[in-house]
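Colleague: I should like to learn how to read the features of a structural model one at a time. Please give the general idea before each case.

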Amino acid sequence: MSQDPTPPVQPPTGWFAAAVRGFTGRCPRCGHRGLRTGFLRVRETCSGCGLELGAIRADDAPPYFTIFVVGHLVIPGVLAVERIWAPALWLQTAFWVPATLALALALLPRIKGAVIGLHYAAGIRG
C-alpha cells in the first residue's frame, strides 16, 4: 500500500488560496498536485478530490494577463537599460526578445492555473 507523498491539504478558505493553489499547479479545492496534464491542458478531474476541472474554463484570460504582466516587466526594463547604458540595438534585441519569450512561456501555464483557481472560488463553471 503506497501513500501519497504530499500531506493532505485543507480546502481553501478564500479566493486567494484557490488562486495560489492554481498558480502552483495544484487543485484549487484539495491542493493535490497535477492540475495540468501538459503545458496548458487541464486535467478533466482531480485525482485527489474528484473536482471536475474540465468544467472550469479559463478561455482568453490567461494570455491577456500574461501579456499584461510581461509587458509591465519588460518595457520598464528596456527603457531603464536604454536610459542608463544605451547599448547597441542588436544587443538590446538579442537580450530582450528571448527574455520576453521565456518570461511569457514561464508565466502562461501558471497564470492559467491561477485563473482556474479564481473561477473555482467564484463558482464560475463553463
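Predicted model: local features only at pLDDT ≥ 70, side-chain atom pairs only at ≥ 80, totals over all residues.

Colleague: How many helices and strands does the protein chain have?

Modeller: Helices (H or I, at least four residues) and strands (E, at least two) are DSSP runs, numbered from the N terminus. Here the protein chain has 3 helices and 0 strands, in the order α-α-α along the sequence.

Colleague: How does one check the span of helix H2?

Modeller: The expected span of a helix is 1.5 Å times one less than its number of residues. Helix H2 (residues 61-84) has 24 residues and should therefore span 34 Å; its end C-alpha atoms are 35 Å apart, which agrees.

Colleague: Which residues of H2 are buried, and against which helix do they pack?

Modeller: Buried means under 20% relative accessible area, exposed over 50%, and partly exposed in between (1.4 Å probe, protein chains only). In H2 the buried residues are Pro62, Thr66, Val70, Val74, Gly77 and Val81. The buried residues of H2 pack against helix H3 (89-122), where contact means heavy atoms within 4.5 Å. Over the 126 residues of the protein chain, 29% count as buried.

Colleague: Which residues touch the most other members of the largest nonpolar core?

Modeller: In soluble globular proteins, nonpolar side chains tend to be buried together. A nonpolar core is a set of buried Ala, Val, Leu, Ile, Met, Phe, Trp, Tyr and Cys residues joined through side-chain atoms within 4.5 Å. The largest such core holds 19 residues, of which Cys46, Leu51, Leu53 and Ile116 touch the most other members. H2 and H3 are the elements that give two or more residues to this core, and H3 gives the most, with 6 residues. Leaving aside residues up to four places away in sequence, Ile116 touches Leu35, Val42, Ile56 and Ala58.

Colleague: How many aromatic pairs are found?

Modeller: Rings of Phe, Tyr and Trp (its six-membered ring) pair if their centres lie within 6.5 Å; planes under 30 degrees apart count as stacked, over 60 as edge-to-face and the rest as tilted. The search of the whole structure finds 3 aromatic pairs. One of them joins Tyr64 and Phe65, edge-to-face at 5.5 Å centre to centre with 65° between the planes. In Phe95 and Trp96, the ring centres are 4.8 Å apart and the planes stand at 85°, so this pair is edge-to-face.

Colleague: With which side chain does the side chain of Gln92 make a polar contact?

Modeller: A polar contact is a pair of N or O atoms within 3.5 Å; within protein, one must be able to donate a hydrogen and the other to accept it, and residues adjacent in sequence count only if both atoms are side-chain atoms. Gln92 lies in helix H3, and its side chain makes such a contact with the side chain of Trp96 (2.8 Å). Gln92 is buried at 7% relative accessible area, and Trp96 counts as buried at 16%.

Colleague: Where is Ala86, and is Ala86 buried or exposed?

Modeller: Ala86 lies in the loop between H2 and H3 and is exposed, with a relative accessible area of 51%. Ala86 has a positive phi of about 50° although it is not a glycine.

Conventions. Residues numbered from 1 in each chain as written. Heavy atoms only, no water.
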